[in-house]
Amino acid sequence: MDNSYDAIVIGAGNAGLISALKLVKENKKVLILESNNVPGGMATSFIRGRFEFEASLQAISGYGSSEKPGPLYKLFEKLDIVDKIKFINLTEAFHVYCKEKKEDYVMPFGIQEFINKMNEYVPNSEKAMKKFFILAEEVQKALLFLENDKNVNSQTLLEHFPNFIKVAALSTDKVFKALKMPKKAAEILSTYWVYLGSPTSTLSFVHFASMLLSYIYLGAVVPEKRSHEINTILAEEITKNGGVIKYLSTVQEILFEEGKVSGVRLSDGKDFKSKHILFNGSPTFLYGKMIPKEHVPKEALKLTNSRVLGARGFSIYLGLNQSPEDIGLTDYNYFIYHSLDSNSEFENRSALKNNSCVATVLNNINPHCSPAGTTLITLTSTFFGDAFDSKVTEENYFELKNQIAENMINNFEETTGINIKSYIEEIEIASPVTFARYGGHPEGIIYGYKLTGLDNLLPRTLNKEKENFIPNIRICGGFDAWGNGFSNTYLSGYRAAKQTLLDMKGEEE
Amino acid sequence: MNDLKLDGLGKKERLKFKNLSKDREKVMASTPLDNIKVDYNTNEIARSLHPKLQYVKVIDIINESSDVKTFLLAPNEEKGTKKLAYFKAGQYISVRIRIGKCLYKRPYTLSCSPKLALNNRYTITIKRKEEGVVSNHFFNNITVGSSFVVSAPSGTFCYERIRDAKNVIAIAGGSGITPFISMAEAINDQLLNFNLTILYGAKTRKDIIFKEKLDKLSSHEKIKVKYILSEEESDKYETGFIEKETIDPYLVEENSFFVCGPMELYKHINEVLKEYNLAKKFIRTDLFFSEIEVRREENFNVKVITKDKEFNITCNGKETLLSAIEKNGILAPSSCHVGVCGLCRSKLISGKIKTFDSDLRVSDKNLNYIHPCSSFPESDIVIKLPN
């Protein structure tokens with residue numbers, strides 16, 4: 001048995017799968033090693049009773065449609081999988097509740113629609129909102145420009161993107177101020193901060209604006225048959241093109257020969273050889289555990305130590321035995337906040353003090369996702385700092401999970417006035433412990449490192465090549481520059497594959 | 001594009017952009033050169049609760065009846081297992097037993113209080129089945145000092161306080177008492193808090209497992225136990241089957257039913273419970289698939305493909321594909337053996353199977369994935385295992 005490959009992909013998450021597919025399509029001999037028994041990583045589904053729950057997906061942005069293709073659509077097209085997966089559109093952008101002030105707002109997709117609706121809620125917000133979207137568009141173009149040409153000089157940027165240059169290093173809050181965004185409008189606008197896991201005082205404006213523009217302009221989708229369908233199709237395409245996927249295979253160590261990457265060793269002692277590794281996981285464990293100390297450059301240690309762990313995940317999956325109409329659930333996603341101010345919300349979550357969550361009701365966009373007369377609802381929250389980590393013990397674990405879940409469900413009911421508790425037929429609770437086990441990341445973080453200060457999108461992107469500390473190891477996934485999210489991780493995998501192809505080419509020459 | 005007025009932003013902000021890359025490098029440079037923190041409490045607990053494998057040894061064997069034994073397990077420290085994982089009452093472990101060249105895996109419910117796990121002990125209770133390769137191995141060959149490998153605790157046949165009623169009627173048949181003895185012990189140890197009535201059906205008095213323990217536990221204000229004998233008349237016990245009249249005295253306004261036992265029990269209880277017109281959420285069952293009848297007494301050719309090798313074996317329509325795979329000494333991942341955990345998920349390349357598996361993901365159904373642990377062949381089969 002020949003155990004050597006052109007490239008080894010560690011982790012069959014979104015990024016790992018896409019990178020492998022790109023590489024096999026370029027006729028490379030690829031091995032994927034995945035420690036779970038199915039592909040997809042966090043982007044998976046599971047069954048309880050008569051319900052199939054999406055484990056982490058709430059919305060895929062950046063997809064669009066054949067008429068209005070987003071970057072993800074174009075990627076799937078390039079990889080010939082666009083016709084293989086059916087997607088369903090979300091119908092509204094979000095429904096956000098502010099518990100403290102007993103207010104709620106429903107926002108639509110479409111830029112003009114979004115601006116109009118905002119002006120209804122916050123009169124005189126129109127001018128600032130228009131400016132926001134114009135600026136966001138410039139930001140998005142500039143980011144694309146930068147991605148295609150890393151060595152672009154600042155004079156060129158200044159000519160083409162003068163406003164981008166001004167806001168590029170600023171936080172979201174600072175730019176809101178410069179735009180004279182009314183406070184309420186800024187708060188409603190920043191509803192999505194929670195998906196980036198960073199409050200608007202520290203989150204970079206360019207990242208926030210680019211994401212929101214994409215979301216409002218292109219809309220968002222979910223796969224009709226859960227993300228597990230995407231994973232299975234990607235896995236089958238990889239295999240069809242000659243790739244090998246080994247499940248239940250945990251990589252323990254990266255192997256080196258004469259100072260260069262030479263392969264990997266599994267926890268059961270098996271070795272596989274390759275000069276190229278694509279790593280769909282956390283740099284913390286890559287540099288901290290998997291690479292022998294003598295091969296970890298000082299810079300890698302320093303960089304990793306300078307970073308902050310991002311949002312820890314907590315999800316409650318409920319199968320309800322009534323239809324959404326009967327229960328009174330009308331929307332797809334409910335953002336249940338105590339305060340619309342992301343900064344105070346963040347502080348409270350860091351202390352596990354409030355019971356905020358995002359609730360998604362899949363049936364409201366995908367009516368046949370569960371049997372007739374039932375509802376799939378998932379309540380997800382994120383914790384920050386060691387709020388959970390410092391409380392949990394093996395002995396209190398099950399009860400602590402129940403307590404948090406119960407508080408979160410109660411808070412959802414109190415805030416929306418919708419009773420869900422008495423209809424619970426199935427329940428599963430995933431805590432940071434669950435995510436730590438399944439995803440293998442430190443402290444059960446689900447969004448990679450916190451996007452903050454100089455660890456925001458732009459500085460990450462600008463220094464990306466410099467920070468590729470060990471030749472021929474490419475890091476991809478939620479720990480990459482763009483952070484978490486389906487679109488981001490798929491695109492990250494594609495970029496990593498392209499880099500690896502360049503690395504391979506460089507060797508030939 | 002230049003007409004966007006951004007108040008107060010200008011040269012300073014442009015400079016900040018220009019310096020982004022350098023500033024990031026500075027942050028990095030000023031970070032102390034320490035080892036990267038890799039030990040986290042959360043991850044440690046994840047490893048404790050879900051170890052990949054647990055090496056255990058038998059430290060005591062208790063004869064519960066002529067054909068039922070309880071095995072007391074402790075960590076096998078020489079093999080590196082220092083402690084046993086905590087669990088929820090009602091969960092099982094998958095036991096791996098090597099017999100000859102074959103590796104068999106069987107799920108057994110943990111028949112003790114979760115508290116025992118905190119003292120690094122488990123018990124499993126096994127009933128000898130006439131044709132049971134593994135149960136007979138346990139009776140004939142496993143002694144105090146024997147060691148083997150078990151999985152992490154798993155399974156969802158557990159009381160969930162957010163979901164279930166405060167009043168639980170547990171209906172047990174034969175060795176189906178095991179999850180309920182664990183739940184009763186957990187209530188007694190104040191790990192769970194609900195009212196539990198165990199209605200325990202057995203053939204005769206000597207078939208009742210854990211009689212002494214159950215009698216003791218029933219002195220707890222939240223625990224009631226009632227025995228019903230189907231093949232023996234006795235003044236002290238009710239005779240016959242568990243009927244509506246048996247259940248009625250224990251009901252309050254809202255009740256959850258947990259049912260565990262042989263197939264005949266499910267069928268019978270299913271009929272009985274129909275009279276209450278209960279929502280599905282109030283009836284929870286722990287399925288024993290091997291008890292289900294659909295079999296075709298015929299041998300089929302099965303080609304089994306793994307990453308490294310291909311095997312040609314035969315499988316009778318009466319047995320599951322996984323059972324034939326195991327018997328032929330082929331390694332395959334598995335755990336629950338009732339089509340729920342998904343560990344044995346395999347691609348059916350060709351052929352027809354019969355399954356009672358409702359736990360396949362919708363896309364897996366469409367793309368021809370099956371759970372060999374709960375699939376019976378109905379034709380010749382080609383199957384690709386996950387390993």
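How many residues does the contact take from chain A and from chain B?

Tutor: Happy to. Bear in mind throughout that this is a predicted model. The contact takes 72 residues from chain A and 63 residues from chain B. On the side of chain A that touches chain B, the residues divide by class into 35 nonpolar, 15 polar and 22 charged. The predictor's own scores for the complex are an ipTM of 0.95 and a pTM of 0.96. For chain B, the mean pLDDT is 92, with 96% of its residues at 70 or more.

Now let us zoom in on one helix. Helix 13 of chain A, residues 298-306, gives the most to the side of chain A that touches chain B, with eight residues. Within helix 13 of chain A, the residues A:A300, A:L301, A:L303 and A:T304 are buried. An α-helix has 3.6 residues a turn, so residues three or four places apart point the same way. The cover over the buried residues of helix 13 of chain A comes from both chains: it includes helix 12 (283-290) of chain A and helix 2 (20-30) of chain B.

Stepping back, here is the chain that carries this helix. Chain A has 19 helices and 21 strands. Its radius of gyration is 22 Å, close to the 23 Å that the globule rule gives for 509 residues, so chain A is as compact as a globular protein of that length. The C-alpha trace of chain A spans about 65 × 60 × 45 Å along its principal axes. Of the 509 residues in chain A, 60% are buried.

Chain A is divided into three parts: domain 1 (4-46 + 58-86 + 224-307 + 451-508), domain 2 (112-218) and domain 3 (311-442). The centres of domain 2 and domain 3 of chain A, taken over C-alpha atoms, are 29 Å apart. These two domains do touch, with ten residues of domain 2 of chain A in contact with nine residues of domain 3 of chain A. On the domain 2 side of that contact, helix 8 (183-189) and helix 9 (193-196) of chain A each supply at least two residues. By class, the domain 2 side has four nonpolar residues, five polar and one charged.

One is an open sheet in chain A, made of three strands in the order 6-10-7 with antiparallel pairing. Its edge strands are strand 6 (60-61) and strand 7 (87-89) of chain A, each of which pairs on one side only. Strand 7 of chain A is joined to strand 10 (residues 220-223) of chain A by three bridges, and A:I88 has A:V222 in strand 10 of chain A as its bridge partner.

The other detail is A:L266, found in strand 13 (residues 260-266) of chain A. A:L266 counts as partly exposed because it has 17 C-beta neighbours inside 10 Å. Leaving aside neighbours within four places in sequence, A:L266 is in contact with A:S249, A:T250, A:V251 and A:Q252. For A:L266 and A:S249, a separation of 17 residues in sequence goes with 6.5 Å in space, C-alpha to C-alpha.

Notes
Residues numbered from 1 in each chain as written. Chains lettered and ligands numbered in written order. Predicted model: local features only at pLDDT ≥ 70, side-chain atom pairs only at ≥ 80, totals over all residues. Domains from an automatic or database assignment. Contact = placed C-beta atoms within 7 Å. Helix = DSSP H or I, 4+ residues; strand = E, 2+ residues; numbered from the N terminus. Nonpolar A, V, L, I, M, F, W, Y, C, P; charged D, E, K, R; others polar. Buried ≥ 20, exposed ≤ 12 C-beta atoms within 10 Å, placed from the backbone. Rg over C-alpha atoms; globule rule 2.2 N^0.38 Å. Pairing = 2+ DSSP bridges. pLDDT = per-residue confidence, 0-100.
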